[in-house]
Amino acid sequence: ITAVEAMMRGTAVISSNAGGLREVVEGAGTACGDVTCMAETAESLLTSPSEWKSQVNRQLESLVSRHSPNNVIDSLSKVYESFMRR
């Protein structure tokens, strides 16, 4: 939830590519496999306003397409329907 909130507020998000956080960030923010990637990405975002803005825009587009209320409700409905069929 913290990553989603940061993305909603226009913060460029860099995360580890381990666990569930990768699924939230990947394709919109930057998911890194090591500290070097995180440091280089942070430096790049801090020194290039256009790159920072581009990532923030990708993140906002991702939130709208993947985490809109209608998509969340549809996904939860599918989970409940699948559970009830068992």
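Which residues form a disulfide, and how far apart are their sulfur atoms? Cys 32 and Cys 37 form the disulfide, with 2.2 Å between the sulfur atoms. A disulfide is here a pair of cysteine sulfur atoms within 2.5 Å. By this rule the count comes to one. The torsion about the S-S bond is about -55°, so the disulfide is left-handed.

The model is predicted: local features need pLDDT of at least 70, side-chain atom pairs count only at pLDDT 80 or more, and totals for chains, interfaces and linings use all residues. Residues are numbered from 1 along each chain as its sequence is written, and side-chain values use heavy atoms, with hydrogens and water left out.

Buried means under 20% relative accessible area, exposed means over 50%, and partly exposed lies in between (1.4 Å probe, protein chains only). Cys 32 has a relative accessibility of 2%, so Cys 32 is buried. Cys 37 has a relative accessible area of 23% and is therefore partly exposed.

Helix 3 spans residues 35-47 and holds Met 38. Helices are DSSP runs (H or I, at least four residues), numbered from the N terminus. Met 38 is partly exposed, because its relative accessibility is 29%. Contact means heavy atoms within 4.5 Å. Not counting residues up to four places away in sequence, Met 38 touches Ile 14, Ser 15, Ser 16 and Cys 32. Met 38 and Ile 14 are 24 residues apart in sequence, yet their C-alpha atoms are 6.7 Å apart in space.

Thr 41 also lies in helix 3. Thr 41 has a relative accessible area of 14%, so this residue is buried. Its contacts include Ile 14, Thr 30 and Cys 32, leaving aside neighbours within four places in sequence. A polar atom of the Thr 41 side chain lies 2.8 Å from the backbone oxygen of Cys 37.

A surface feature was found in another part of the sequence. Val 72, Leu 76, Val 79 and Tyr 80 form a nonpolar patch on the surface. Together they have about 380 Å² of accessible area, computed by the Shrake-Rupley method with a 1.4 Å probe, where for residues only the protein chains shown count as cover. Patches are made of residues with over 30% relative accessible area and no salt bridge; nonpolar side chains (Val, Leu, Ile, Met, Phe, Trp, Tyr) are joined within 5 Å, like charges within 9 Å. A salt bridge is a side-chain nitrogen of Lys or Arg within 4 Å of a carboxyl oxygen of Asp or Glu. Tyr 80 sits in helix 5 (residues 69-85). Its relative accessible area is 55%, so Tyr 80 is exposed.

Definitions and conventions: Helices (H or I, at least four residues) and strands (E, at least two) are DSSP runs, numbered from the N terminus. A polar contact is a pair of N or O atoms within 3.5 Å; within protein, one must be able to donate a hydrogen and the other to accept it, and residues adjacent in sequence count only if both atoms are side-chain atoms.
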